[in-house]
Structure formats: C-alpha cells, structure tokens
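User: I would like to go through the terms used for this model one by one. Please set each value against its cut-off.

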Amino acid sequence: IHEGVTSIGAKAFEQRNALSSVQIAESVKTIGDNAFWWCDGLTDVKISNGTESIGENAFTNCSKLTTLEIPDTVAIIGSGAFSNCGKLTSVNIPKGIDYIANLTFYGCESLTNIKIPSSVTEIGSDAFSNCSSLTEITIPDSVTRMGAGVFQNCTGLSKITLPDSITSLETGAFSGCDSLKEIVLPDTITKIGESAFSNCDILESVKIPEGVTSIGVSAFGNCG
C-alpha cells in the first residue's frame, strides 16, 4: 500500500484470499475495522512507522499469518485485531499501548513469545485466551487490571508472574491452563473470581494471600 494513502477503510480487503503479503506505507495513520478480515492467504504483514491505530478484527482469521511487525507509533489496537491468527508465533506489542483490548490475540494457538511493555495498564477479557503454545508470561507492574478469561485455555502455560499491582483475578482468568503446576499470588490480591483456576489439572500449590476476602464459585474446581 503506497505512500500517500492515509487510511485503510473498514473491510477494505476483507476475504481477499489471494493476498499473501502486505507492506503498509508510513503515510497510513489508521487501519480500519475488519480491513484484512479472513485473508487466509496472508502470511506476512509489515506496518511502517506512522500508523497510529489498528481497528477491531482488522486481521481476524488470517490463519496463515506468520510474520507481523507493529511499530511503536501504534497507540490503539482494537478488540480481536489478531484473533485466530493460528500460525503467528511471536508479536511485539508497541511501547505506547496502554490497553490490550478484549480478544486481541484470542486463538493464536502458535504464539510462543510475547512481551508486554510497561506502558500497558489493563489487559482485556480473553485477550490471550486459547493461546495454547504460550508457555510463560510476565505481567509488568504497570498492569492494574486483567479481564475475565484473560489466559483461559492456555494449555501450555506453565509459569506466570503476577505483579503487586494486581488486586483481583476475574472469572475464568486461568481456567483450563492444564500445564500450570504452581502459581504465586501477590499479597495485594483481595478477590479470586469464579472458575479462576478451574480445570488446571496438575495445579499442586497455591498460597492464598491473607488479604483475600472473596473466593468465587469453582475457583479451584477440578484442580489436581
């Protein structure tokens, strides 16, 4: 997409299955909702410096996408932007992002490596749900809230580090993480939501902080 284009509209290239590679020029500021939705031949996307926002479901169901470069100029990534990109193995989250939206990387089942920058303050519901190849993740202490189901069914996840800035684990946060053997909860946690760790089949050890006042229904159901 050549220099001079400033925006890519909603559904602009929706289901263009013959599209295999996209390089977006520096002049493009916005990529609209569903812009490349279900382009299941797309393998390579390079977004140049200059782009500021990526719309909702912009690359949803790009099932062959393996390479993705997102510049630090991007400040907004919409809900579900890269959901069900099943071949995507790693991604860089721009340093200016403060919110990882709902379903952003949902179903990215080959994703093994992701680094969350210290600019992020909130991670939305199901943002990394069903990322079954993700084995380890560190949440920076800038994050104060994580939504429901945030790492649900991350079946390869064996280690997670939670910061003291987190006070609540929402419904289904780590449900179905059946490689999770041990988790250390920060002392700042006051609430463990419904089904937060349900179906974590090999979970052997959890220390409940003294400040916890609420443990939801089936919070540790079917564990061990």
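User: Why is D187 called exposed?

Analyst: D187 has a relative accessible area of 64%. Exposed means over 50%, buried under 20%, and partly exposed in between, with a 1.4 Å probe and protein chains only. D187 is therefore exposed. The residue lies in the loop between β16 (182–184) and β17. Its C-alpha atom is separated by 5.1 Å from that of P209, 22 residues apart along the chain.

User: What should I know about the model and the numbering?

Analyst: This is a predicted model, in which local features need pLDDT of at least 70 and side-chain atom pairs count only at pLDDT 80 or more, while totals for chains, interfaces and linings use all residues. Residues are numbered from 1 along each chain as its sequence is written, and side-chain values use heavy atoms, with hydrogens and water left out.

User: Why is N34 called buried?

Analyst: The relative accessibility of N34 is 17%, so N34 counts as buried. N34 is found in the loop between β3 (30–31) and β4. Strands such as these are DSSP runs of E with at least two residues, and helices are runs of H or I with at least four, numbered from the N terminus.

User: What is N34 in contact with, leaving aside its neighbours within four places in sequence?

Analyst: K11, E14, E56, N57 and A58 are in contact with N34. Contact means heavy atoms within 4.5 Å.

User: What makes N199 partly exposed?

Analyst: N199 has a relative accessible area of 35%, so it is partly exposed. N199 is placed in the loop between β17 and β18. It is not a glycine, yet it has a positive phi of about 60 degrees. S195 lies in the loop between β17 (191–192) and β18 (205–207), and its phi is near 60 degrees, a positive value in a residue other than glycine.

User: How do you know that β17 and β19 pair?

Analyst: Two strands pair if DSSP finds at least two bridges between them. Two bridges join β17 to β19, and these strands run parallel. K191 has S214 in β19 as its bridge partner. The open sheet has three strands in the order β15-β17-β19. Its edge strands are β15 (168–169) and β19 (214–215), each pairing on one side only.

User: What makes β1 and β7 edge strands?

Analyst: An open sheet of four strands has the order β1-β3-β5-β7, with parallel pairing. Each of β1 (7–8) and β7 (76–77) pairs on one side only. Two bridges join β1 to β3, and S7 has T30 in β3 as its bridge partner.

User: How many cavities of 30 Å³ or more are found?

Analyst: A search of the whole structure finds one, and the largest cavity has a volume of about 40 Å³. A cavity is a set of points on a 1 Å grid over the protein atoms alone where a 1.4 Å probe fits but cannot get out; lining residues have an atom within 4 Å of a point. Grid points are joined across faces, edges and corners, and the volume is the space filled by probe spheres set on them. The lining residues include I77, Y99 and F105.

Note on methods
On a 1 Å grid over the protein atoms alone, a cavity is a set of points where a 1.4 Å probe fits but cannot get out, and a pocket is an open set with protein on both sides within 12 Å along at least five of seven lines; lining residues have an atom within 4 Å of a point.
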